[in-house]
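Please keep the structure in view while reading.

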Amino acid sequence: MSFILLSRRLLSFRILSKSVLPNHTISRTDFHCGFVIPRHIDWSTYRSSRAVIGPGDPRRSFSDSGHPGHQESEKRQWGSTIITLVAIPAFIGFAFGIRWYTTRGPDYGKLSEETRDQMRGHVSLERSAQGTPLLHSTTTSTLSASNTSSIPPVVEKATGPDDNPCPQTVPESGIDEHAPSASSDEQKSTQASSTSETEGPQINYIDPAKVEFPSHVPYLIVGAGAAGLSAARAIRASHAQSKVLMIAGGSGPEFGSEPGISETDFQEPPPYLRPPLSKELWRRSKIREQKVLQTTGDIRRHSWLYYEPECFFLKPEYLPAVEFGGIALLRGDPVVRLDADSHKAILASGRIITYDRCLLATGGRPKRLEHLEVCATTQNDLRKAGLVSYFRTLADYKRLREWVDKHRKTGSKVAVIGGGFLGSELTVSLLTEPMPDDKINDKASEATTKSGSASRNHLSLLHIFRESSPMGRILPPCLASATGRFEAGRGAELWPSSEVVSISVVPEPVPSPVTVNVRKDEKIPFATLQAVAASEVLPQRVRLRIRRNAIGGDKVEDVDVDHVVIAAGIEPNTQLADSAGLEIDPVNGGFLVNAEFEARAGIYAAGDAASYWDPVLGFRRRVEHLNFAEETGALAGKNMARIAPKEPTAAPDSHYEPIRYQYQSSLWSSLGPDLSWDAIGHVDSRRLLTRAFFVSDNMVSSKETSVSGTTNANQSIPSAEFGRLGHGVVFYLTPEEKRLVGILLWNLPEDLYKDQEYTAPSRLNLARGLLAKRMCVGSSPNETEDEELRRLSSYFDLVGELEEDYNELKAYAEAKKQELLSSSVQEDKPVQGPASSSEQ
């Protein structure tokens, strides 16, 4: 709009200055609303030339029919106006086009493979404040195909529509010394481009002559999960130029190898978080789910599932050629045998890789119930038929999510077998209606979860478990019963103290004959034939034979369902123990390791597959949770990096002392806003004593004041049998010594109070401090066992007394601060004298 007004002003100025008023000087005040209004002129002359005056002037309307020469001048004026309006944008567009053409860079995503191989990038190296090398790509130059045929491509095109292009590797090196010499023009252009680069030493990050599959790596990690990636990060943090090779697939195609999904091009996915598979992903819409499962681009903008994008990992063949190290990921060729004496790993393809240090982070696989995988009558494989499935990987989630979305509105029935973490979380997630679109935020999702509304979800669900209540192996009876009530409130049908004996396919009923009335010479429409065929095909179902443990004796019942999900726990992948000569824990399972997570010289184990000695609790444990995998993987990586030589010619550090694992990892579960808990240490309600203290929702949460006038927070903590359980804490004690080995926080936030400016104390760290003391409850002569536990429970501020006091103290401090500021302003203000009589 401003451009049009400017053009009109210029045209009006030219018309008046040349045609109408050649001797009149127009000032800035002569312009008004895009029109030129001259002053002190002869209006008759102005009217005859059809000059434009103000829109409200009555002399603006007149006729020019008596002047035949004026029509030609008017045409010329309109022609010049059009030319001006077209020429100026064309000139500006041409200038911007020249600017873009001179500063543009090559679009590698649109180049062909041959053209892409002819592009060469230079890299300048700078050092950050922390000493981390920073790579900056600069100008490129064209080389002959013979000189760059061995150089790998620089950039791979992103697959997602919203993904940013992400380089798979760093830019390549320059011309090989032994390559044929280029022409003089190419050499001059190369020298000219190198002079225009940023200052700094030129490096060859990847040597094309060394691009090959590695035969030896300093650090080998078997497994590409949370423990493996945490170890790789710790190694790189301890030794910045280290080269780490991660081999996905566990220990073989049949043990631990994950099938791919469409978002990963049907390859094994990069390291990702498993807890969202049974919780958060089920509440997301289909569009949001597709974005979360994407592995390319900047995943921090659209996904919280993966640890790193695909481009974070190097290709295995680039690992020997990189000068500053990196983490390479090998997929599709798992380790099948490990020779610990010669430090060799044999892959499924027959290739052999030697290593200096090796970490076994093989993880676990679902515990199989083989008698439930085949039909009891026909011996057909029910897993291949899609009637029985396990739940562990991304592919399992995708398969089950598609089935549930398809049968959610038809009233199908699903049976979940298993009363642990996974069984309860899947029970609640399958009955949760996903969000309709991405505009609904998490608060709306939580409100829907809290209300328990499943009006649009016609899916029926049976939760079958051996215990008397879900999560009965971990939670005390009072909390396990609360979990069962929560699941029943969501619409689940609970089958406690039950066990599935066998599964058989329901015999298909004989379809009733369908009669179609047609005339003698009439042809049956194809749509009618399709309807008849569809009516004869019935969905296949399975029949569960369930044995229930009742008071009067066992009772066997048959229930027909459409699908069965088995969530009976996991088993560690320890198939490499025989070839590597490693010991297996006969009680807990997993590789036997010490407190430093070393199985034998040069071989470490971490994560779900490690059974370690806990020096804090004083017994051997194997933990199957995310926080434990991340912490143990990081510690094993630190020990591997510190004991290995920093340089190839250097000797190992003889004064090295390995780090012992003394950190108590946390485990958690969240079924909804009203049922979530965190635990520290060893929590097992079957083998340990439990003492629970809770604050009920129907009790008065005001502080009770004693006779002396002081507040006693211990008096407002009731027992677990008092009313509805709100916030609470559970202590786990050994039966003999009554030593504190575990603490569980029920519906309590991690921080004692909320503060955006300062870091608040953590309840989990408080629990870790109590476990580190290795205290025996009831051993003090001054207080009984119940009094001591009540005192310990008051540390966690169940009634919110500490948070209330902190908020009051913070408000008081803020008021005093404002008071001091106002007083200082008044003191600095100059004293004014009496006003004069004139001012008055």
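## The largest cavity

In this predicted model, the largest cavity has a volume of about 80 Å³, and the structure holds 3 cavities of 30 Å³ or more. Its lining is made up of 11 residues, and those nearest the centre of the cavity are K279, R283, V428, S429 and L671.

Two elements, helix 11 (421–430) and strand 28 (666–672), each supply at least two residues of this lining, with helix 11 giving the most, namely 3 residues.

Strands of a sheet pair through backbone hydrogen bonds, in either a parallel or an antiparallel manner. In this model, 3 strands form an open sheet in the order 18-19-20, and their pairing is antiparallel. Strand 18 (498–505) and strand 20 (554–561) stand at the edges with a single partner strand each, so one side of each has no neighbour in the sheet. From one strand to the next, the twist averages 20°.

Strand 18 is joined to strand 19 (residues 542–549) by 7 bridges, and the two run antiparallel. For V505, the bridge partner in strand 19 is V542.

## Salt bridges between separate parts of the chain

The structure holds 37 salt bridges. One of them joins E571 to R365, with the closest N and O atoms 3.5 Å apart. Because E571 lies in strand 22 (residues 570–572) and R365 in strand 13 (residues 364–366), the pair ties together parts that are 206 residues apart in sequence. E571 counts as partly exposed, at 30% relative accessibility.

A salt bridge also forms between the side chains of D562 and R541, at 3.2 Å from N to O. D562 lies in the loop between strand 20 and strand 21 (563–566), and R541 in the loop between helix 14 (526–536) and strand 19, so this pair ties together parts 21 residues apart in sequence. D562 counts as buried at 12% relative accessibility, whereas R541, at 28%, counts as partly exposed.

## A further pair and a network

The side chains of D755 and K810 meet in a salt bridge of 3.1 Å, N to O. This pair links distant parts of the chain, with D755 in the loop between strand 32 (740–746) and helix 17 (763–772) and K810 in helix 19 (residues 801–828), 55 residues apart. D755 is buried, its relative accessible area being 13%, while K810 counts as partly exposed at 38% relative accessibility.

Salt bridges with shared partners also join K286, E289, R401, D405 and R408 into one network.

Conventions
Residues are numbered from 1 along each chain as its sequence is written. This is a predicted model: local features need pLDDT of at least 70, side-chain atom pairs count only at pLDDT 80 or more; totals for chains, interfaces and linings use all residues. Side-chain values use heavy atoms; hydrogens and water are left out. Two strands pair if DSSP finds at least two bridges between them. Helices (H or I, at least four residues) and strands (E, at least two) are DSSP runs, numbered from the N terminus. Axes are lines fitted to C-alpha atoms, for helices over the stretch in contact, and angles run from 0 to 180 degrees between N-to-C directions. On a 1 Å grid over the protein atoms alone, a cavity is a set of points where a 1.4 Å probe fits but cannot get out, and a pocket is an open set with protein on both sides within 12 Å along at least five of seven lines; lining residues have an atom within 4 Å of a point. Grid points are joined across faces, edges and corners, and a volume is the space filled by probe spheres set on the points. A salt bridge is a side-chain nitrogen of Lys or Arg within 4 Å of a carboxyl oxygen of Asp or Glu. Buried means under 20% relative accessible area, exposed over 50%, partly exposed in between (1.4 Å probe, protein chains only).
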